[in-house]
Amino acid sequence: MSHENTVISFDLLSRAIFNKMGVTKDISDEIALRVLNYFGYEEEIIDNVLDQDDRRMFYFLQDVELLGTHWEEVILPNGRMWRVFYWSLNVPKIKNFARPQHDGTVAEMGLYDSLPEDVWSRQMA
């Protein structure tokens, strides 16, 4: 799951939450802080460390594609199967959602479409 020394910063995650979820900057900062308090510098954590409220928040962040889950099965010494669940940061999506959102700017409209009509008239000197 490693993305070659990719560390998700507080600002990057907060911007991704702000852009994807449409919440206020204060709320996106609070959510980013809560998430990064669990992850630290890692991209993956075990589910057992979460409290109930934060687990609900993590499921919501999974629904908006900022987090992902996976699990593995381990055989215990007594022969029973034990399932271990993990949460991971969706690094590519976080980076994508953290990009500035466009609102009809030149890049979306095209350079020529963004120019005012008077630039097309030719004036002779």
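Q: Before counting elements, what counts as a helix or a strand here?
A: Helices are DSSP runs of H or I with at least four residues, and strands are runs of E with at least two, numbered from the N terminus. The model is a predicted one.

Q: On that basis, how many helices and strands does the chain have?
A: The chain has 6 helices and 3 strands. Along the sequence they follow the pattern α-α-β-α-β-β-α-α-α.

Q: Turning to H2, what end-to-end distance should its residues span, and what does the model give?
A: Helix H2 covers residues 25-39, and its 15 residues at 1.5 Å each should span 21 Å.

Q: Which residues of H2 are buried?
A: Ser 28, Ile 31, Ala 32, Val 35, Leu 36 and Phe 39 are the buried residues of H2. These residues lie on the same side of H2, because they cover an arc of only 125° around the axis.

Q: And what covers them?
A: The cover includes helices H1 (10-21) and H3 (52-63), together with strands S1 (44-46), S2 (67-75) and S3 (81-89).

Q: Which exposed residues sit on the face turned away from the buried side?
A: That face of H2 carries Asp 26 and Asn 37, both exposed.

How values were computed. Residues numbered from 1 in each chain as written. Predicted model: local features only at pLDDT ≥ 70, side-chain atom pairs only at ≥ 80, totals over all residues. Heavy atoms only, no water. Expected span 1.5 Å × (residues − 1). Buried < 20%, exposed > 50% of the residue type's maximum accessible area, 1.4 Å probe, protein only. Arc of directions from axis to C-beta. Contact = heavy atoms within 4.5 Å.
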